[in-house]
Amino acid sequence: MRRIHRMPFGAENVDGGVRFALWAPTAHEVRLVLDGEDHVIGRSDDGWYRLTSKAGSGSRYGYRIDGDLIVPDPASRFQPDDVHGLSLVVDPRSYRWSDSSWTGRPWEETVLYEVHVGTASPEGTFAGLMSKLECLRHLGITAIELMPIAEFPGRRNWGYDGVLPFAPDSAYGSPDDLKRLVDHAHGLGLMMFLDVVYNHFGPSGNYLHAYAESFFTDRHPTPWGAGINVDGEGSRIVRDFFVHNALYWLEEYHFDGLRFDAVHAIVDESMPHFLEELATRIRRTFPNREIHLVLENEANQARWLSRGSDRRPRLYSAQWADDTHNSWHALLTGEAEGYYEDYADQPLQRLGRALAEGFAYQGEPSAHRPGVVRGEPSAHLPPTAFVSFLQNHDQVGNRAFGERLAHLVPPDRLKLAQAIFLLSPHIPLLFMGEEWSASSPFQFFVDFEAEPELAKAVRDGRRGEFRHFKAFADPETARRIPDPTDEATFQRSKIDWTETDRSPHREALLETQHLLELRRDEILPMIGSEFRGSRHIVSQDAILELSWTFETGILRVRANFGERPADVEIGHDARILWSNADSEATSGVVQLAPWRGIIVKEASA
């Protein structure tokens, strides 16, 4: 089987050669630079420049803008020489797929594993990651989520500085290498997700300002500069650019799902909202595939997560549950600075609400951002509308030293949190190496070696981020923050798979595997049935009681986060799934010491 996504942008093989198309409404003249020669292109009234040439796969090309500036294709399928180099003509039909019968897996089966390709294997490539998939399947992972892979400046980056969103970064391999990774994953029964960024472009290699100024708008500023224009003059082409990007990854690369980064930074005052149009067009394009769409959205907008009468998502499958993570983190570590300020006042109460209802903030004001009211009611949504995690790339890597939770929290506390996290009916996400408590940090890194001024700005900016934190008030401590431009920072962030053969990592891995087996055998049959409601109670003694009721069963959690032992009732008919209590239950009662808990399952009434 061969796959191609047809789109109005970029270079596309057609009868008679290759059709080149660039939308450049604010350029005065555009020439195609093809294999070292310039070709005049005529302009249409709507700002498009199109030309069909006798080029073929492997040809190098770019566009000469207004006489001097040569730029890559914004819809380039591959950039062999980084973001400032020429683009390469790629024929997607050259790859023969072997997964023609693959249509995906149901959402409730999802157990996500977030991966940064460059640090997930010694090779730091698509091929290197492919060699680890069998291990992850054996662990109980069902879906691999790649951090952004769109072409970024240099050879190392988290991926959120991407500027050419259709081109898999050449540091990781070729387009066919990525297709082989997806193909192999499907052969193992694993879904593949991709993190995509539609709220900004990176600081180096974005040439759109030079010929398509209307791609951006000053009406909606973002932390990265001018906002993406999805609701002003010329926005139809801009919206199509990103919609086609989503369709491209799902069709041409056969990804099963997408995670949309920080959609709260995409401001749209038109109708329908860009997010509605995006999901609607995706769902209509792939009616016979299991396609899963996940949001990162600080605004906690439950409106995007609604279900139809068939219990399937109307638009988006789920949202990253940052409230759940932040509550866990404040409870486990006692940290109260930065955005943890919104959770440190009542961490257990906020955790209980987030686990039971999805959002901890459902219209309440923020202490961290005075005057900001965040969130919408979410208790009506099923737990599978939320992707929960104890760690992810942001929550580890945005720490000054990139420490993982195992470096910060006593093992008994982390054990309790991990059990509740992996056995809750939320969709779980593990961050690479978390399953064995990897010793390596995950630190912030970039590669702007070719642009010293930008490298200095990023280095200074990184240290400036922490100036308001008490721990970094001392200049000497601040100077210890790793330099994001230093390759050593990147190398330190690589996970070491050989740790899984050594204690205590071996034991941590076995415990994770055990919990995921329990999830598959005991939790999955419930969450695939009708959700009938949830309940949470926090006692004065800091005992958390949670329950989720489904058509096929009730899941209950009892956990002691207080300072003294406490007796809790679990019910005579309850079947214990997991417990770290120091004694067995007697007559439906179990004593829980501090940081001990029990998870049980009951039949529905």
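Two bridges join strand E17 to strand E18 (residues 318-320), and the two strands run parallel. This is a predicted model. E17 and E18 belong to a barrel that eight strands close, with parallel pairing. An open sheet of five strands pairs in the antiparallel sense. The points below take the barrel, a helix pair, the open sheet and some local backbone features in turn.

**The barrel**

- The strand order around the barrel is E9-E10-E13-E16-E17-E18-E21-E22.
- From one strand to the next, the twist averages 30°.
- Strand E16 (residues 257-260) pairs with E17 over four bridges, in the parallel sense.
- Gly257 has His292 in E17 as its bridge partner.
- E16 also pairs with strand E13 (residues 191-196), again parallel and over four bridges. There, Leu194 has Leu258 in E16 as its bridge partner.

**Side chains of E17**

- In a regular strand, side chains alternate between the two faces of the sheet.
- Strand E17 covers residues 292-295. His292 and Val294 point one way, while Leu293 and Leu295 point the other way.
- All four of these residues are buried.

**Helices on the barrel strands**

- Helix H5 (residues 235-251) lies across E13 and E16. H5 runs at about 145° to E16.
- H6 packs on the sheet and touches E16 and E17. The direction of H6 makes about 165° with that of E17.
- Helix H6 (residues 274-285) also forms a right-handed β-α-β unit with E16 and E17.

**The H7-H8 pair**

- Two packed helices are described by the angle between their axes and the distance between the axes.
- Helix H7 (residues 322-333) and helix H8 (residues 347-357) have axes that come within 8 Å. These axes cross at roughly 150°.
- Angles over 145 degrees count as roughly antiparallel, and H7 and H8 are therefore roughly antiparallel to each other.
- The crossing of H7 past H8 is left-handed.
- On the H7 side, the residues that meet H8 are Asp323, Thr324, Ser327, Trp328, Ala330 and Leu331. On the H8 side, they are Pro347, Leu348, Arg350, Leu351, Ala354 and Leu355.

**The open sheet**

- The five strands stand in the order E23-E24-E25-E29-E27.
- Strand E23 (531-538) and strand E27 (575-579) stand at the edges. Each has a single partner strand, so one side of each is left without a neighbour in the sheet.
- Neighbouring strands of this sheet are turned by 15° against each other on average, direction ignored.
- H8 packs on this sheet, touching E23 and strand E24 (543-550). The direction of H8 makes about 175° with that of E23.
- Helix H14 (residues 505-527) packs on the sheet as well, touching E24, strand E25 (553-560), E27 and E29. The direction of H14 makes about 150° with that of E27.
- E27 and strand E29 (residues 596-602) pair in the antiparallel sense over four bridges. Ser579 stands opposite Ile598 in E29.

**The loop between E23 and E24**

- Asp541 sits in this loop.
- Asp541 has a relative accessible area of 46%, so this residue is partly exposed.
- Leaving aside neighbours within four places in sequence, Asp541 is in contact with Asn560, Gly562 and Arg564.
- Asp541 and Asn560 are 19 residues apart along the chain, and their C-alpha atoms are separated by 8.1 Å.

**Backbone features to check**

- Most residues other than glycine have a negative phi, and most peptide bonds are trans.
- The peptide bond from Met271 to Pro272 is cis, with omega near -5°. Pro272 lies in the loop between E16 and H6.
- Ser503 and Pro504 are also joined by a cis peptide bond, with omega about 5°. Pro504 is in the loop between helix H13 (487-492) and H14.
- Asn300 has a positive phi, near 50°. Asn300 is in the loop between E17 and E18, and counts as buried at 3% relative accessibility.
- Trp595 has a positive phi too, near 60°. Trp595 lies in the loop between strand E28 (589-592) and E29, and is buried with a relative accessible area of 7%.

Notes:
Residues numbered from 1 in each chain as written. Predicted model: local features only at pLDDT ≥ 70, side-chain atom pairs only at ≥ 80, totals over all residues. Heavy atoms only, no water. Buried < 20%, exposed > 50% of the residue type's maximum accessible area, 1.4 Å probe, protein only. Pairing = 2+ DSSP bridges. Right-handed = clockwise from strand over helix to strand, strands pointing away. Axes fitted to C-alpha atoms, helices over the stretch in contact; angles between N-to-C directions. Parallel < 35°, antiparallel > 145°, perpendicular 65-115°, else oblique. Left-handed = near helix turned anticlockwise from the far one by under 90°. Contact = heavy atoms within 4.5 Å.
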